[in-house]
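I set out to record, entry by entry, what I looked up in this structure. The entries follow the order in which I consulted it.

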Amino acid sequence: MEEDAKGRFSRRQVLAASTALAAATTVAPGGARPAAAGAAPEIVGPGEVRVALRVNGQVRETLVEPRVTLLDALREKLDLTGTKKGCDHGECGACTVLVDGVRVKSCLTLAIMREGAEITTIEGLADGSRLHPMQVAFLERDAFQCGFCTPGQILSAVGLLKEGRPRSRDEIREGMSGNLCRCSAYPNIVDAVADVAEVPR
Amino acid sequence: MEFLRPQTWAEALAAKAELPGAVPIQGGTDVMVEINFDVRRPPALLDLTRVAELARWSAEPDGRLRVGAGVPYARVISELADRLPGLAQAARTVGSPQIRNRGTVGGNLGAASPAGDSHPPLLACGAVIEVESAARGVRAVPAEEFYLGVKRNALEPDELIKAFVTPVAGGPQYFSKVGTRNAMVIAVCSFCVALHPAERRAGTGIGSAAPVPLRALAAEEFLAAELDWAGTAPLAPALLTRFGELVGAAAAPIDDVRGTAAYRRHALSVLARRTLTWAWNDHRKAAERCA
Ligand SMILES: Cc1cc2nc3c(=O)[nH]c(=O)nc-3n(C[C@H](O)[C@H](O)[C@H](O)COP(=O)(O)OP(=O)(O)OC[C@H]3O[C@@H](n4cnc5c(N)ncnc54)[C@H](O)[C@@H]3O)c2cc1C
Ligand code: FES
Ligand code: FES
């Protein structure tokens, strides 16, 4: 594998025709061969690939296999363990982070697909030692018991408010339906979000 | 697992032609579940998220809408609800807000689950799925010919889904779904009805009640013959009952963990009666306003 100018272990290659796993011909810089159909996409992997993730305003480089989720990269490669893994298949919402301001489940996206995006995790929500208003509201409303779902709940609530202000507690419930809480702190979670969204009781 | 990152549609088609085993990934809300649980270990993933044109929609010269395979549900809801109300209603029921931010209609078509929520509205509206290969160019597949079996669709190994093309709603459309709660449920069964007053007919789509999503053709013929498009009277109970029976009869449901076949047939009849009532009442109101 060749390192390109950006220091990434990516390569432009001509796709090998017959077998899927056959090592494709690496195109030497300047010696590009046109592919059959005249267009060959960039291929990376199957080994570890260097990815640069922009997390909480900081660019962090790490090596991951293409199959590694953003969730695993955050937790295991970047030591950002605030983002939790509940189910690993999109059901529980514990892994919710913001990608370019939009709430997504980090277990359902690959780290390699989020290069260049701005990722916000619970570690990056506070402004220095000043907590984000949603964090304050969760504390004031006692919106958790064990706390496992809380980072995902908070990021989801922040994402919800960016999508548009909920006008009622029902809309908050609906908007937070992708985040489960096994301790069932739901009433207090709705209270906390309602405080920040200025929804009357 | 290799990871292919085309920047253009031409590159994506070339890659799929060279590596038919490469699994396309759009929102990833189906693909990632399979990868995380090792249900699937594809030799390569084909990342379509950088292909800008897949994430666009536009109006065709003939007035229909072309919606790229990569437009997520959240945008169907926020940008297309007025023109594609049935699909937007279905989109509102998909997963959770986080799933709707990433999941796409293209991915729903790629997965071709009989329970996919996009399918009933696409069928009821008369949508056409545009698929393309580097070798043979574009093929327009009507929705009812697209679904071939449980999780099987009409795509050839070298083809990708480019867009769906659908008429803009010419009348009321309603989608309804039965599940155990209001969010995050796979449909036990689902139904969509779309009135097409200009053509004096109605389209239907049934989900999660047969190996493939399908239209209730006999029910559609019955409505074409029986509905009084000029009138503004409410629908006769007998007409609604018969419509519900015909929709139930069109399904070929199975017993599974989500429900029995008999329950599904019954529930479909109820959904059919309700959605048609809502749609007809909207239609009557619109007719009265015009009169
Ligand atoms: C928690 C959860 C809840 C869910 N709830 C619902 C629900 O309520 N209703 C529902 O219908 N679905 C639901 N789903 C399933 C999923 O979200 C939908 O099927 C969604 O539409 C998939 O879109 P995607 O873009 O994420 O697809 P992806 O996962 O990226 O792809 C899905 C399939 O389509 C193929 N594919 C994608 N794009 C193309 C293309 N352009 N050409 C050819 N093939 C392509 C992929 O290879 C794959 O086989 C849920 C999933 C999760 C994880
Ligand atoms: S860990 Fe991602 S949704 Fe549960
Ligand atoms: S506080 Fe325990 S899971 Fe929510």
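**Notebook: a helix pair and a ligand shell**

Entry one. I looked up two helices of chain A, α2 (residues 133–140) and α3 (residues 150–163), and found that their axes come within 10 Å and cross at roughly 130°. I note at the outset that the model is a predicted one. Angles over 145 degrees would count as roughly antiparallel, and 65 to 115 as roughly perpendicular; α2(A) and α3(A) are therefore oblique to each other. I also recorded the hand of the crossing of α2(A) and α3(A), which is right-handed.

Entry two. I asked which residues of α2(A) and α3(A) meet. From α2(A) I listed Met134(A), Gln135(A) and Phe138(A). Their partners in α3(A) are Thr150(A), Ile154(A), Ala157(A) and Val158(A). Sorted by class, this contact of α2(A) with α3(A) comprises five nonpolar and two polar residues, with no charged residues.

I then turned to ligand 1 and asked where it lies. I found ligand 1 between chains A and B. In chain B, the elements that contribute two or more residues to its shell are β2 (23–25), α2 (31–36), α5 (97–102), α6 (105–111) and β10 (160–166). I noted that α6(B) gives the most, with five residues.

I looked up which residues come nearest to ligand 1. Of the 34 residues around ligand 1, these are Gly90(A), Gly27(B), Gly95(B), Gly107(B) and Gly110(B).

Terms used
Residues are numbered from 1 along each chain as its sequence is written. Chains are lettered from A and ligands numbered from 1 in the order in which they are written. This is a predicted model: local features need pLDDT of at least 70, side-chain atom pairs count only at pLDDT 80 or more; totals for chains, interfaces and linings use all residues. A residue is near a molecule or strand if its C-beta atom, placed from the backbone, lies within 6 Å of it. Helices (H or I, at least four residues) and strands (E, at least two) are DSSP runs, numbered from the N terminus. Axes are lines fitted to C-alpha atoms, for helices over the stretch in contact, and angles run from 0 to 180 degrees between N-to-C directions. Angles under 35 degrees count as roughly parallel, over 145 as roughly antiparallel, 65 to 115 as roughly perpendicular and the rest as oblique. A crossing is left-handed if the near helix is turned anticlockwise from the far one by less than a right angle, and right-handed if clockwise. Two residues are in contact if their C-beta atoms, placed from the backbone, lie within 7 Å. Ala, Val, Leu, Ile, Met, Phe, Trp, Tyr, Cys and Pro count as nonpolar, Asp, Glu, Lys and Arg as charged, and the others, Gly among them, as polar.
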